[in-house]
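My entries follow the order of the look-ups.

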Amino acid sequence: MTLSRRRYLAALGGSAGVALAGCGGGDVNRTTYEAESVSAPEEVSDYVSASSNFDGTMVDLTGRDEVEVTVGVRGNGSYYAFGPPAITVSTGTTVTWRWTGRGNAHNVASQGGGPLNSSLTAEEGHTYDHTFEQSGVYLYKCNPHEFQGMKGAVVVE
């Protein structure tokens, strides 16, 4: 009877582990694209490299009128990352940042001044839009979580 009980408990424990595996967060609400990855320029790599979900590449979203970046995806020890952390777009593209509601309150703020300056919020579904009219490299961060590596970049061609 002890052996049967052990098997039952082992099976139950394994089932609980599988059930919980789906609840761990992983890439919660991360925006994904069918797009090529390109190597990030040195300026972007130097700035975003502290983010645990940055792998040295950027998602190439050139040619699209609108794209989305998710705020509060899994990274940097909790939900302190942008997803994807680095993108390249064409001039005239509108980028929408969409909040997951995870990782406390976040914002989108240009590094060293610049056009990006969203409100600080933890509201799931909150959005902030910016249309990039000039080419260049736009580095941004979440002010409260910058020290944890919550940084991103938009390269506009």
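Which residue stands opposite Thr 88 in E5? I found Asp 60 there. The model is predicted, and I read what follows with that in mind.

Entry on the pairing of E5. I looked up the strand that carries Asp 60, and E2 covers residues 57–60. E2 and E5 run parallel and are joined by two bridges. I then turned to E10, residues 151–156, which also runs parallel to E5, with four bridges between them. In E10, Val 155 is the residue that stands opposite Thr 88. I checked residues 86–89 for direction. Ala 86 and Thr 88 point one way, while Ile 87 and Val 89 point the other way. I noted all four as buried.

Entry on Asn 53. I located Asn 53 in the loop between helix H2 (42–48) and E2. Is Asn 53 buried or exposed? Its relative accessible area is 18%, under the 20% cut-off, so I list Asn 53 as buried.

Entry on the contacts of Asn 53. I looked for polar partners of its side chain. The side chain of Ser 51 makes a polar contact of 2.7 Å with that of Asn 53. A polar atom of the Asn 53 side chain also lies 2.9 Å from the backbone oxygen of Phe 82.

Conventions: Residues are numbered from 1 along each chain as its sequence is written. This is a predicted model: local features need pLDDT of at least 70, side-chain atom pairs count only at pLDDT 80 or more; totals for chains, interfaces and linings use all residues. Side-chain values use heavy atoms; hydrogens and water are left out. Buried means under 20% relative accessible area, exposed over 50%, partly exposed in between (1.4 Å probe, protein chains only). Two strands pair if DSSP finds at least two bridges between them. A polar contact is a pair of N or O atoms within 3.5 Å; within protein, one must be able to donate a hydrogen and the other to accept it, and residues adjacent in sequence count only if both atoms are side-chain atoms.
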